[in-house]
Amino acid sequence: MTQEALLQLFYGYGQIGVCTFAGVALLAIWHHVTRSSDLRQRDPGLLWLSISVLVWGMSGWVEVAQAQTIAGSAANHLRFEGWKSMLSIFNSAFILLALPRFRHLPRLIKPVVQSDSWRILVGVSFTFASILTFLMLAGWIVPVKAEFIYTIDLAFAVFTLFFLGLTFWNSFEKRGLRLLAYLAVFSIAFTLLAQIFKLTDAPFYKMLLNGTFKSILITLFFALALSWVEELAKTTAKEAHTTGFLLFNQRKEGSKWLYEVILYLPPYLKGQRLLLTEKNYALLQTFAESRKESPQEGWLEIQPKSSNGKHYDIKDYNEINRLLGNILQAIPDANDEHKLWLKDRLFEYGKQRHIRLRLGVEEVVG
């Protein structure tokens, strides 16, 4: 067996061991957390990330098979390179499917990632990349070279890394892990470099860079999973001891989006799940985001009857009334007294049509 074959065999078995172990460990964390009936913990995002790591483990078997082919002095390894690229495309697709479930999505990409068309976008991109790779493997698209197959994989990887990098940064930064946020940005840049390096003809350095970036990303996946578990634990503790608590949970059920909040405002609202309309959910989220971005201020302005063309956060008082009415549906036999209580408990009023969420920054999650 040649030195190159031995090196690739070592790399392949190493990738199988590390990625399979890491994928199963992430699955164990996901299973342990999601055993609870708590709505906040029913999150498939970590499941998709776990599967994406297991796909890397499968890619290791292709490396082993290719190394044995090298040992047998076979000339054509194009099919192996194609299968590795195909599995890399699968890995990227699973990561993209996980993104809508991240709790702290950046504002820049949140409307796209959480839209109904996100899965369609991922599915179309994945299908196009897979079919094109397959056609190159079958020889129906010429010239058939490994570099051309890598180009398809690279394009899909760049698309994935853009969204993943922004999400990593925002997730760690929102959880107070600023150093991890910087490390995440570095890891994304390093991963992009490793992907581009696939286009070169340097097997040793390609294996070195690939093994390194996969190890780094797996470490970040674990850091993300553990920070999520820690956030859930802190959230549960806050809910038990705080005077108020608000959690946002937008999720998709079949083809329909559900806009839910968990609101703890004793004595009438004790953490039950509330289904809001999309507009009421967006309005309440605007209040929460304004409060978190400016803890000492966080005021929203209601548009006056005689508007001068200026942009206002809230069009009229009826938007507030509709939101209160939506929330009051969770209180049996709610009446005007309950409405006044909720209006005073949930909101704080300032001068000249200014209003903000009364709950503090530490009492709002998501």
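The model is predicted, so local features need pLDDT of at least 70 and side-chain atom pairs count only at pLDDT 80 or more, while totals for chains, interfaces and linings use all residues. Residues are numbered from 1 along each chain as its sequence is written, and side-chain values use heavy atoms, with hydrogens and water left out.

Strand β2 (residues 256-265) has 9 of its 10 residues buried, so the rest of the structure largely encloses it; buried means under 20% relative accessible area with a 1.4 Å probe, protein chains only. Strands are DSSP runs (E, at least two residues) and helices likewise (H or I, at least four), numbered from the N terminus. Strand β1 (residues 245-253) runs antiparallel to β2 and is joined to it by 9 bridges, where pairing requires that DSSP finds at least two bridges between two strands. Glu-253 has Lys-256 in β2 as its bridge partner, and in this hairpin of β1 and β2, with 2 residues between the strands, Gly-254 takes a positive phi near 70 degrees.

β2 also pairs with strand β3 (residues 269-276), in the antiparallel sense and over 7 bridges. Here Val-261 stands opposite Leu-274 in β3, and the hairpin that β2 and β3 form has 3 residues between them.

Turning to the helices, residues of α3 including Trp-83, Phe-90 and Leu-97 meet residues of α5, among them Trp-118, Phe-126 and Leu-137, contact meaning heavy atoms within 4.5 Å. The residues of this contact of α3 with α5 divide into 14 nonpolar, 3 polar and 2 charged; Ala, Val, Leu, Ile, Met, Phe, Trp, Tyr, Cys and Pro count as nonpolar, Asp, Glu, Lys and Arg as charged, and the others, Gly among them, as polar.

Methods
Buried < 20%, exposed > 50% of the residue type's maximum accessible area, 1.4 Å probe, protein only.
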